[in-house]
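Subject: structure handover

Hi,

Here is the structure I said I would pass on.

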Amino acid sequence: MEMVDRLVKDKPLVIFTKSSCCMSHSITTLVSGFGTNPQIYELDQIPNGSQIEGALVQLGCRPSVPAVFIGQKLIGSEKQVMNLHLQNRLVPMLMEAGAMWL
């Protein structure tokens with residue numbers, strides 16, 4: 001879990017993905033559409049990706065990707081992000097974290 005903490009530290013928006021995951025692509029496209037520039041880690045493309053994926057599962061991410069962190073806080077997967085978006089809470093969270101500006 002320390003590894004995940006180091007990867008999200010000081011970054012307003014981090015998304016852990018896999019290149020073959022359509023939901024990861026959808027969530028990345030959604031938040032990028034707001035003008036954000038998320039830090040993306042594709043777990044199937046980096047050397048320690050399986051270790052990071054294990055840590056995400058230990059943190060409660062099921063499925064393990066996409067795993068979205070806003071302001072260093074684990075938000076969750078696509079369901080939680082879409083829920084926030086539908087409740088009009090996603091954009092304010094992104095703004096508060098410094099991931100986007102008006």
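Gln39 is partly exposed, at a relative accessible area of 31% (buried is under 20%, exposed over 50%, partly exposed in between; 1.4 Å probe, protein chains only). Before going on, the ground rules: this is a predicted model, where local features need pLDDT of at least 70 and side-chain atom pairs count only at pLDDT 80 or more, while totals for chains, interfaces and linings use all residues. Residues are numbered from 1 along each chain as its sequence is written, and side-chain values use heavy atoms, with hydrogens and water left out.

Gln39 sits in strand β2 (helices are DSSP runs of H or I, at least four residues, and strands runs of E, at least two, numbered from the N terminus). Leaving out residues up to four places away in sequence, Gln39 touches Lys11, Leu13, Val14 and Ile15 (contact is heavy atoms within 4.5 Å).

Strands β1 (residues 13-17) and β2 (residues 39-42) pair in the parallel sense over four bridges; pairing takes at least two DSSP bridges. Between β1 and β2 the chain runs through helix α2 (residues 22-32), and this β-α-β crossover is right-handed, i.e. clockwise from the first strand over the helix to the second with the strands pointing away from the viewer.

**Cores and helix α3**

The largest nonpolar core has 15 residues, and Val4, Phe16, Ile52, Leu56 and Phe69 touch the most other members. A core here is a set of buried Ala, Val, Leu, Ile, Met, Phe, Trp, Tyr and Cys residues joined through side-chain atoms within 4.5 Å. Two or more residues each come from α1 (2-8), β1, α3 (49-58) and β3 (67-70). There is also a second, separate core of 14 residues, including Val31, Ile75, Val81 and Leu94.

In α3, the buried residues are Gly49, Ile52, Glu53, Ala55 and Leu56. They fall within an arc of 160° seen down the helix axis, so they line one face (the arc is taken from directions between the axis and the C-beta atoms). Ser50, Gln51 and Gln58 are exposed on the other side of α3.

**The salt bridge**

How many salt bridges does the count come to? One, using a Lys or Arg side-chain nitrogen within 4 Å of an Asp or Glu carboxyl oxygen. Lys18 pairs with Glu53, their closest N and O atoms 2.9 Å apart. The pair links distant parts of the chain, 35 residues apart: Lys18 is in the loop between β1 and α2, Glu53 in α3. Lys18 is partly exposed at 25% relative accessibility.

Cheers
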